[in-house]
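Dear colleague,

Please find the structure below. My notes on it follow directly after.

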Amino acid sequence: MQPDLIPGQYGTQLGGEQAVVQHQRVLRNTYFLLALSLIPTGIGALIGVNLNFGFMRASPMISSLVLLAVIYGMFFAIEKNRDSGLGVALLLALTFFLGILLGPILQVAGGLRNGGQLVALAAGGTAVVFFAMAGIASVAKRDLSFMTNFLAVGGIVLMLAVLANIFFASPVLSLTICAGFVLFSSLMIMWQVNQIVRGGETNYISATLTLYMSIYNLFTSLLQLLMALTGNRD
């Protein structure tokens, strides 16, 4: 005979199983939308690498501020519509736009003798970091929500540094910011996946936005570091 259940125990167990199924569904939908978002990014990058970004080089300060305003405006719109299909459409539009903005850095890489290798290395490094951080977050027995405030402060510091460097245009500060984004983006991936697994994040559109931006910043930062340190201009 099976021992009698403590009153409410079965309901608690059932509720826990349902929660796990829900978390897995959010994670699955997030990974699917994240993979889907790479398609418009690739299309945008192919377009961007063939565009003339001379207007951005002519007025780098104004261009940077305008682009930041547009990007953060799209962030707001996506979060505002994260419970509807419009949120998905806006997210894919953002990934296409950011793909186009890869044009200048890819053009610079294309001017290097080993530029293709550096792009491939940055992409491979990004993939390795993503899968490693996601794997750690998925099996971690500890809730990583304690990192929330640390990451929030880190994000603010990095954005202030980005804004400051728009005016100072310091190569040393640029490399420091890139290194900071590599660390920050890696931790963001681990934190966000853990939040999904633990039930702290229940919206796959918001989760995808966070992971996508982490991957995007990780790739561009790695590529800039590689070009600065190992780029062959001869």
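Threonine 95 is located in helix 4 (residues 85-100); helices here are DSSP runs of H or I with at least four residues, numbered from the N terminus. With a relative accessible area of 0%, threonine 95 is buried (buried means under 20% relative accessible area, exposed over 50% and partly exposed in between, with a 1.4 Å probe and protein chains only). Leaving aside residues up to four places away in sequence, threonine 95 touches Ser37, Pro40, Thr41 and Tyr212, where contact means heavy atoms within 4.5 Å.

Please note that this is a predicted model, in which local features need pLDDT of at least 70 and side-chain atom pairs count only at pLDDT 80 or more, while totals for chains, interfaces and linings use all residues. Residues are numbered from 1 along each chain as its sequence is written, and side-chain values use heavy atoms, with hydrogens and water left out.

I turn next to a pair of helices. The axes of helix 6 (residues 115-139) and helix 9 (residues 204-230) come within 9 Å and cross at roughly 140°; axes are lines fitted to C-alpha atoms, for helices over the stretch in contact, and angles run from 0 to 180 degrees between N-to-C directions. Helix 6 is therefore oblique to helix 9 (angles under 35 degrees count as roughly parallel, over 145 as roughly antiparallel, 65 to 115 as roughly perpendicular and the rest as oblique). Residues of helix 6 that meet helix 9 include Leu118, Leu121, Val129 and Phe130, and among their counterparts in helix 9 are Leu211, Ile215, Phe219 and Met227. The residues of this contact divide into 15 nonpolar, three polar and no charged (Ala, Val, Leu, Ile, Met, Phe, Trp, Tyr, Cys and Pro count as nonpolar, Asp, Glu, Lys and Arg as charged, and the others, Gly among them, as polar).

Finally, the aromatic residues. A search of the whole structure finds four aromatic pairs; rings of Phe, Tyr and Trp (its six-membered ring) pair if their centres lie within 6.5 Å, and planes under 30 degrees apart count as stacked, over 60 as edge-to-face and the rest as tilted. One of the pairs joins tyrosine 31 and phenylalanine 130 edge-to-face, at 6.2 Å centre to centre and 75° between the planes. This pair links distant parts of the chain, with tyrosine 31 in helix 1 (residues 9-48) and phenylalanine 130 in helix 6, 99 residues apart. Tyrosine 31 is partly exposed at 30% relative accessibility, whereas phenylalanine 130 is buried at 9%.

Yours sincerely

Methods:
Helix = DSSP H or I, 4+ residues; strand = E, 2+ residues; numbered from the N terminus.
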